[in-house]
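Okay, thanks everyone, I'll keep this short.

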Amino acid sequence: REVQLFDGGHALCRDAGGLFTRGQQLAIQRFQRPAYTACPFLEQIAAEELKGQEMLSDNEEEKKHAAGLMRVNHVGEVCAQALYQSQKLYARNPELRKKLDSAGIEEEDHLAWCAQRLAELDSQPSLLNPLWYAGSFVLGSLAGLAGDKVSLGFVAETEKQVEHHLDGHLQTLPENDAKSRAIVAQMRADEIEHGQMALQEGGIILPKPIQWAMKCMAKVMTT
């Protein structure tokens, strides 16, 4: 699978789950018009993105709203990095470690996309990101220490909640912000795959009180 995001002098690319080399990125940056390939919904918006960006840039209220949502998404991806890295450390099964590592690489893509989009919207990441990372690393470590099935159940529940969270963003992002919407839609598709992987690998359904506690913690991070 390949996803490419082009925007004039900026480029973020993914090929088979890994980031392109610097040389490949520089070559891609020669393109002067936005182009999205390999994903049907990205292809559909390609021709309209420049127009949409111009419309968004003229509306400061919409721009600020989009930036706020993308900042929240960036926080979520910082947490995802901590969770996958910590859970991978305590995974008993070598194959599971590989799968967690692969999912973590895709989350790195999400982190880079959100960071670039924030810069394009003239905004900044959350100053509390180090705190969110540390807290998430502790939670991921606890889940990992509880065993692979519990750890995978934690992944599945986390990704389910992230999917619902991104659904809400797609409902409120400005319709003319084609790029933010494309990024969020691709992130959502990846999160669904990660959650399905966790269940297929034997993840358990976490008890309701734990699910509730996870929702409360997520709400704190996204408000």
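This is a predicted model: local features need pLDDT of at least 70, side-chain atom pairs count only at pLDDT 80 or more; totals for chains, interfaces and linings use all residues.

I'll go through some helix packing and then the cysteines.

Let's start with helix α4, residues 60–90, and how it sits against α5. Those two pack at an angle of about 155 degrees, and their axes are 8 Å apart. Anything over 145 degrees counts as roughly antiparallel, so that's what we call α4 relative to α5. As for the hand of the α4 and α5 crossing, it's left-handed. If you sort the residues in that contact by class, you get 11 nonpolar, six polar and 10 charged.

Now the other pair. Helix α5 covers residues 94–120, and it also packs with helix α8, residues 178–200. Here the angle is about 165 degrees, with the axes 11 Å apart. So α5 and α8 are roughly antiparallel to each other too, and their crossing is left-handed.

Who's actually touching whom? On the α5 side you've got, among others, K99, E106, H110, W113, C114 and R117, and they meet an α8 set including K179, I183, M187, D190, E191 and M197. By class, that α5 and α8 contact comes out as six nonpolar, five polar and eight charged residues.

You'll have noticed C114 in there, on the α5 side of the contact. Is C114 buried or exposed? Buried, because its relative accessible area is 0%, and the cut-off for buried is under 20%. C79 counts as buried as well, at 5%.

Technical notes
Residues are numbered from 1 along each chain as its sequence is written. Side-chain values use heavy atoms; hydrogens and water are left out. Axes are lines fitted to C-alpha atoms, for helices over the stretch in contact, and angles run from 0 to 180 degrees between N-to-C directions. Helices (H or I, at least four residues) and strands (E, at least two) are DSSP runs, numbered from the N terminus. Angles under 35 degrees count as roughly parallel, over 145 as roughly antiparallel, 65 to 115 as roughly perpendicular and the rest as oblique. A crossing is left-handed if the near helix is turned anticlockwise from the far one by less than a right angle, and right-handed if clockwise. Contact means heavy atoms within 4.5 Å. Ala, Val, Leu, Ile, Met, Phe, Trp, Tyr, Cys and Pro count as nonpolar, Asp, Glu, Lys and Arg as charged, and the others, Gly among them, as polar. Buried means under 20% relative accessible area, exposed over 50%, partly exposed in between (1.4 Å probe, protein chains only).
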